[in-house]
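User: I am new to this structure and would like to learn how to read it. Could you take me through some features one at a time?

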Amino acid sequence: MRPISLEIEAFGPYLDRTVIEFDKLNDAGLFLITGSTGGGKTTLLDAMCIALYNRSTGARRHFPDMRSLSADNTRRTEVTFTFSLGEETYRFHRALFMKKKRGSEVYDLHDQHECHRLLNGTWELAASGASKTVTEFAQNLLHLTAEQFSQVIVLPQGDFLRLLRASSKDKGDILKTLFSCENWQNLIYKLADRQKKLALTRQQNQAVLLSLLEKHDVKDLPALQVQIEQLEKQNGEAEELLAHENVRLTAAQEQLKNALAYEQLIKEKSTAFQLLQNAEKQLQTANAAMADTAHTEERLAALQEKRMETARQIEVLKQERKQSEEKNELAAKAAAADRRLNALRNDLTAAEETRANALKSIEAGEKYVAEINEAAEQIPQLMTKKTALEAQCRSLEDADKARREFDALSREHETKKDIALREKLTVTAQDKAVSVAEAARMAHSAATLALELTEGTPCPVCGSTHHPAPAHNAENTVSEDELNAMRGELERLRKKYNTAENAVSAAKAKADIAAEQLQAAKEACSEITASAEELKIALSDISAQLSAAEKKAALRVKTQQKLQSLRKQAEDTERLHSDLTAQLAAGTAELEQLSARLHTFKDVRPVTEIDTAVHAQQKAASALDTEYAALEKAHRTASENLAAAQKFLTAAKDRYTLSENALAAFGKAPGTTSSAASELQQKLQSETNRLSALCGSLKQTLNAARSTAKDVEALLAETAELDTAYSRVTRLHGLLSGKNALRMPILQYVLSIILDETIFSANRYFTIFSRGRYALRRITGATSGAGYGGLDIEVLDGMSGASRSIETLSGGEQFLASLSLAFGLSEVVQANSGVVRMDSIFIDEGFGSLDGDTLDTAMKALETIRRSGRVVGIISHVSELRQRIPTMIRVSHKESSATATVISE
């Protein structure tokens, strides 16, 4: 990854938009990020990390924690980081902005996350939406988590030594990601999973095999085959018996069929004879009934003439009823017309009253509209006064808040200064104690050597054979372990002091910002003469006046609409009055016409009287219809019965003749009855069913045994294959898991080789940094676990020839060791063409712990890195580095915002 540009706004101390063009720095290869303590140098590294992972370097803070304290609700916090990765270019953008809740004055913080890829000169969206989505895209793109990014590319202040001091597990996680070693561990996992699946499958096969054999109550395949042979023999015998019984059953069924047919013919002849006798009797009865209806036709003609006369009388009455109904309708219309005239007279009176009331309301409304217009004209002036008073109140409140914050931060700054001073005195005392102990230890080393000198024997140090003044053993000399413990305590105290110093710088930066904010608040209040209480009272009065005016003005539209409605109502009432007058005249004329027509129907009878006469005629007609229908039905029934009796007799004669012919055609009677034949057939059928069921059961059992035998044979073959595969997978899994000649898992072996290569590359720098005294070495020996052991690092001390713990190095020495390890790791990654591209590295502080000579040596090593084509960015306030590195980003403070300026030579 090689940075191209960084854009930030309202981010940490950078309130105003700030753009860093790394393209101007990449050509130099080595550049410095410098400025005052707490000015915003580390914030630039935090911005890059947040753009990628939504967390700052070292995962100390999240994006919302980095929003500028000076940003108001209208300003967006934005971070845009553009970089190249191989041949591709990416741009990650994240933003924070305030948005009001609907219907409220409360603001909520919202966020925006997206990533673009440059394709053919156009930025195309690669990922967007939730923060997690864009962060996962960055992890997949760089093949680094946020923590690993902070360990191998952006080395944050205070976390620089994490990679050097990391445990075997943490180093293993980093190296696995950087060199894509997960496949080795995944291979072991897959082999273990394969081994379990094979064992489980074999176990399942054995269970299925036992279940199949138990189903047939046998122990093995040969016993099952013997059982199959026995079942085949039994099935053959049962099928022969079934065939013999089927022949007997067919003969019995034919005998039963003949007996049933003869008995049915005898029964049919008897039934036909009985029907013939009944038909002759029925014909006699029908002839007698037909003779009784001889005079029915004359009576039907007389009844028909009476029915027609009654119908004519009813029609005359209906015509008279229509005239009576028309008379009633005219009377109803006349009454309705009279009611309408009365209603019109009432409506005309009401319309006159409504018109008078509307005119009065219009006059009052016009007067009220004038009052509302006067109130509306006062609103702008009142709002101006209110806005001015609110601004003065806020200025006084902001000044009071700024004063309280400044006082609190000032007290915090003084407290942290006292703590730092105490820590510094503790470090000085411990440093002095270590120096005294080291001097005593050196003296003790000389005395120990002197005890072994003999006159005439060469000194192992100077080679002289004469020893005139050998050293004497000193009392109260500390041991090497005690001295190492004192050095460790000194380093711990130094770290604690550094932490305290950083806290002082941070507290001072906060106090300085608070002081600037307090001064700005005081300047904003310089022209305010009234007290806060007086301003609040005046604001309350103006607010009340404004509220009253706004309420009245709010009624203007509604009042004007009401006035317009009243005017329209008056016009409508006027038109209604004219319409009602015309309708009254027309209604009077209509009533006179109806009265004249009604006079022509004065002799017509009422409807009720006419209905009574109609009902009497209809009753007489109904009686005639009933008598006529009864006579007609009796005559028709007699005729139909006679025809039916004749037809029935003919059918009965035909049926009897057919039954005699069928009986003659059958011939001789059977030798047995149907009941005896049926009993024999049932007995044979029962035996046949029993034999058929036995054959089916035997065949089903035989087929099941044959199928089971095939399944058993297949399972035995499959189990043999599983045994071979299980043995092979188990052996391979054991070899890769550590059951080998080296007794080392494959992942641990691969990671140890990678770490050895990294340490070898790192020692090229560490040897230069330490002037040939120190070298890093991986601690070898027995380890436990799989894939993560054996990755701890120790130091070889050329002065003593012994190995040392990393913790025994001084702060500056540990910084140089970490720097060497970072450079070595970068070289190994590039050389092996891993998935991670480490074209850049950023180092936050640490050079302040180096003396002049060591700093000069470190600069020479950095120059070597620069010539290899990689970019190194250093954050430091050491003045000597500004003289050595002319290309830099200078961070400073301007008014209320930090600024960053690129200086390239």
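User: How many disulfides does a search of the whole structure find?

Analyst: A disulfide needs two cysteine sulfur atoms within 2.5 Å. This is a predicted model, and the search of the whole structure finds zero disulfides.

User: Is Ser-5 buried or exposed?

Analyst: Buried means under 20% relative accessible area. Ser-5 has 8% relative accessibility, so it counts as buried. Ser-5 is part of strand β1, residues 2-9. Apart from neighbours within four places in sequence, Ser-5 contacts Ile-20, Glu-21, Phe-22, Thr-80, Phe-81 and Thr-82.

User: In what order do the strands of the open sheet with β9 run, and which stand at the edges?

Analyst: The order is β9-β10-β11, three strands with antiparallel pairing. The edges are β9 (774-778) and β11 (803-804); each has a single partner strand, so one side of each has no neighbour in the sheet. Strand β10, residues 793-797, is joined to β11 by two bridges. Leu-796 has Ser-803 in β11 as its bridge partner.

User: What packs on this sheet?

Analyst: Helix α15, residues 746-769, does, touching β9 and β10. The directions of α15 and β9 make an angle of about 175°.

How values were computed. Residues numbered from 1 in each chain as written. Predicted model: local features only at pLDDT ≥ 70, side-chain atom pairs only at ≥ 80, totals over all residues. Heavy atoms only, no water. Helix = DSSP H or I, 4+ residues; strand = E, 2+ residues; numbered from the N terminus. Buried < 20%, exposed > 50% of the residue type's maximum accessible area, 1.4 Å probe, protein only. Contact = heavy atoms within 4.5 Å. Pairing = 2+ DSSP bridges. Axes fitted to C-alpha atoms, helices over the stretch in contact; angles between N-to-C directions.
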